[in-house]
Amino acid sequence: MTKKKKTTLRVMPENWLDPYDFKSEFLHPEQPLEVDIGSGKGRFLVARSGKFPETNFLGIERQKLRINSSGRRCERAGRENVRVFRMEGYYAISKMMPAEYVANYYFFFPDPWPKARHNDYRLFNPAFMGALFQTLEKEGCLHVATDHLPYFDDIYALLQKDERFEEIEAFEPDDEERTDFELIFLHKQIGRCSFRKVV
């Protein structure tokens with residue numbers, strides 16, 4: 001049995017405790033950076049990066065198999081403007097992302113932790129809002145989609161009451177950009193919202 005090769009697009013910082021210049025990993029570090037949190041098997045990454053070659057895309061995913069899968073998928077498609085990083089999303093944004101650095105964040109189908117006793121494990125909370133604000137560029141945006149409507153309501157309420165962000169038209173992916181999770185849940189109602197940093 002042969003082992004599947006690792007992706008060559010993977011980011012491996014020497015220091016995992018301080019902000020890291022992710023843009024330095026790209027062939028064109030001067031291009032804007034967009035970040036897909038929980039990038040899964042890379043369906044969105046490969047589609048979006050192909051449509052916008054003058055933008056750099058960083059996929060962040062904590063599962064090793066998914067990171068390697070998404071990286072190989074982007075390699076096969078010739079996406080030189082994609083890198084992948086294995087890390088938990090909260091830590092990556094709050095500890096390793098430099099200030100005023102990201103043009104857009106995408107949060108598609110984050111783990112809802114539906115049991116009440118597990119709600120503290122959810123990605124979105126007041127402290128995380130501070131990390132998003134700090135790391136987004138001026139007028140940078142974040143885009144959210146989830147089929148778990150109670151969690152969507154919580155995320156939306158958190159964003160709506162935060163005066164550092166204003167609501168904009170919700171991002172709607174085209175058919176090629178829909179994630180593997182979205183394709184599974186197309187039969188369900190999906191909550192979507194987008195917000196822009198304003199201060």
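User: In what order do the strands of the open sheet lie, and which are the edge strands?

Analyst: As a general idea, strands of a sheet pair through backbone hydrogen bonds, and the pairing is either parallel or antiparallel. In this predicted model, seven strands make up an open sheet with the order β3-β2-β1-β4-β5-β7-β6, and their pairing is mixed. The edges are formed by β3 (82-86) and β6 (165-168), each of which pairs on one side only. On average, neighbouring strands of the sheet are turned by 20° against each other, with direction ignored.

User: Which helix packs on the sheet, and which strands does that helix touch?

Analyst: Helix α1, residues 43-51, packs there and touches β1 (33-37), β2 (56-61), β3 and β4 (102-108). The direction of α1 makes about 175° with that of β2.

User: How do β5 and β7 run, and how many bridges join them?

Analyst: Strand β5 (residues 136-146) and strand β7 (residues 191-197) run antiparallel and are joined by six bridges. Within β7, Phe 195 is the residue that stands opposite Leu 142.

User: Turning to charged side chains, how many salt bridges does a search of the whole structure find?

Analyst: The search finds 13 salt bridges. One of them joins the side chains of Glu 177 and Lys 51, at 3.3 Å from N to O. This pair links distant parts of the chain, 126 residues apart: Glu 177 lies in the loop between β6 and α6 (180-184), whereas Lys 51 belongs to helix α1.

User: What is found for the salt bridge of Arg 66 and Glu 61?

Analyst: Their side chains meet at 3.8 Å, N to O. Here Glu 61 is buried, with 5% relative accessibility, and Arg 66 is partly exposed, with 24%.

User: Which residues are linked with Arg 178 in a network of salt bridges?

Analyst: The network links Arg 178 with Glu 172, Asp 175, Glu 182 and Arg 192. Between Arg 178 and Glu 172, the side chains meet at 3.6 Å, N to O. Arg 178 is buried, with a relative accessible area of 14%, while Glu 172 is partly exposed, with 48%.

Terms used
Residues are numbered from 1 along each chain as its sequence is written. This is a predicted model: local features need pLDDT of at least 70, side-chain atom pairs count only at pLDDT 80 or more; totals for chains, interfaces and linings use all residues. Side-chain values use heavy atoms; hydrogens and water are left out. Two strands pair if DSSP finds at least two bridges between them. Helices (H or I, at least four residues) and strands (E, at least two) are DSSP runs, numbered from the N terminus. Axes are lines fitted to C-alpha atoms, for helices over the stretch in contact, and angles run from 0 to 180 degrees between N-to-C directions. Contact means heavy atoms within 4.5 Å. A salt bridge is a side-chain nitrogen of Lys or Arg within 4 Å of a carboxyl oxygen of Asp or Glu. Buried means under 20% relative accessible area, exposed over 50%, partly exposed in between (1.4 Å probe, protein chains only).
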